[in-house]
Every structure is written in C-alpha cells, then in structure tokens.
Amino acid sequence: QVQLVESGGGLVQAGGSLRLSCAASGSISSIGDMGWYRQAPGKQRELVALITSGGSTYYADSVKGRFTLSRDDAKNGMYLQMNSLKPEDTDVYYCNAHVRTTRSSYNNYWGQGTQVTVSS
C-alpha cells in the first residue's frame, strides 16, 4: 500500500512563510505527477500547484509568484514553499500523487491534509 504523509502546516501572520512537505511510503516503483490542493469547509477542492515527473510546474493564478513547488525523488516526495501568505490562503492543504507500486499499476493517492491558517 501507499501512504502520503504531509507536514509543515500551522499558524502564521500575513506576509509570513510556511513550507509544506509530502512524502510517500510503500513499495513504490514509480511516481508520476504530484501536486498540492487546498479545500476550505463547504468549498470545492482546488489545485494549487502541480509538478510532473519531468520537473515541469504549474501554479494557480492565485499563488503564482508566491509559492514554489519542487520534487525530492530520493524521498519520494515534494515541497511547497509558501511565501507572502495571505488570509485567503487559509485552508486545509492536501498532497496528491500518481504512484505505481511493485504490485499494481498507477493509482491516485491523497494525503490526510494539513491545516494552514494565516492571520491578519
């Protein structure tokens, strides 16, 4: 089985920074696209940032220029550096990855979510 574990969330003042991390564990043979999503209560989950297996990145317009996504294939994971945080960035952030294991083809996996709260 595959598990995605997130960390780095917390409380920060507006204008501050946080760094979220995600690490996958299990019998992993390959990881494709990975990304971060966020979701507030009663709202739809939205894509924040995406990184491909080749290292190409995509950012939502709302975070472009403030957030940076990078892969760490040695750890089967990724990092989301969040700078110049705004109160509207307050959400639960979820790690997502497409993973192939030694037992199965590619499947989509989600982390449990980590809370980011930005105060004014």
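Visitor: Which residues touch the most other members of the largest nonpolar core?
Guide: Trp 36, Leu 80 and Met 82 do, in a core of 30 residues. A nonpolar core here is a set of buried Ala, Val, Leu, Ile, Met, Phe, Trp, Tyr and Cys residues joined through side-chain atoms within 4.5 Å. Buried means under 20% relative accessible area, exposed over 50%, and partly exposed in between, using a 1.4 Å probe and protein chains only.

Visitor: Which strands supply at least two residues of this core?
Guide: Strands S3 (18–25), S4 (28–39), S5 (46–51), S7 (67–72), S8 (77–82), S9 (91–101) and S11 (114–119) each do. Strands (E, at least two residues) are DSSP runs, numbered from the N terminus, as are helices (H or I, at least four residues).

Visitor: Where do the numbers come from?
Guide: This is a predicted model, in which local features need pLDDT of at least 70 and side-chain atom pairs count only at pLDDT 80 or more, while totals for chains, interfaces and linings use all residues. Residues are numbered from 1 along each chain as its sequence is written, and side-chain values use heavy atoms, with hydrogens and water left out.

Visitor: Switching to charges. How many salt bridges does the structure hold?
Guide: Six. A salt bridge is a side-chain nitrogen of Lys or Arg within 4 Å of a carboxyl oxygen of Asp or Glu. One of them joins Asp 89 and Arg 38, at 3.0 Å from N to O. Asp 89 is in the loop between S8 and S9 and Arg 38 is in strand S4, 51 residues apart.

Visitor: Are Asp 89 and Arg 38 buried or exposed?
Guide: Both are buried. Arg 38 counts as buried because its relative accessibility is 5%.

Visitor: What else does Arg 38 meet in a salt bridge?
Guide: Asp 91, at 3.7 Å from N to O. That pair links strand S4 with strand S9, across 53 residues. Asp 91 has 8% relative accessibility, so Asp 91 counts as buried too.

Visitor: Which residues are linked with Arg 38 in a network of salt bridges?
Guide: Glu 46, Arg 66, Asp 89 and Asp 91 are linked with Arg 38 in that network.

Visitor: What does Asp 73 form a salt bridge with?
Guide: Arg 71, with the closest N and O atoms 3.1 Å apart. Asp 73 is partly exposed, at 48% relative accessibility, whereas Arg 71 is buried at 19%.

Visitor: What stands opposite Arg 71 in S8?
Guide: Met 78 does. S7 and S8 run antiparallel and are joined by six bridges. Two strands pair if DSSP finds at least two bridges between them.

Visitor: In what order do the four strands of the open sheet come?
Guide: S1-S3-S8-S7, with antiparallel pairing. Strand S1 (3–7) and S7 are the edge strands, each pairing on one side only. Neighbouring strands of this sheet are turned by 15° against each other on average, direction ignored. Axes are lines fitted to C-alpha atoms, for helices over the stretch in contact, and angles run from 0 to 180 degrees between N-to-C directions.

Visitor: Last topic. Which cysteines form a disulfide?
Guide: Cys 22 and Cys 95, with their sulfur atoms 1.9 Å apart. A disulfide is a pair of cysteine sulfur atoms within 2.5 Å, and the structure holds one. Cys 22 lies in strand S3 and Cys 95 in strand S9, so the pair ties together parts 73 residues apart in sequence.

Visitor: Why is the disulfide left-handed?
Guide: Because the torsion about the S-S bond of Cys 22 and Cys 95 is about -70°. Cys 22 is buried at 5% relative accessible area, and Cys 95 is buried at 0% relative accessibility.
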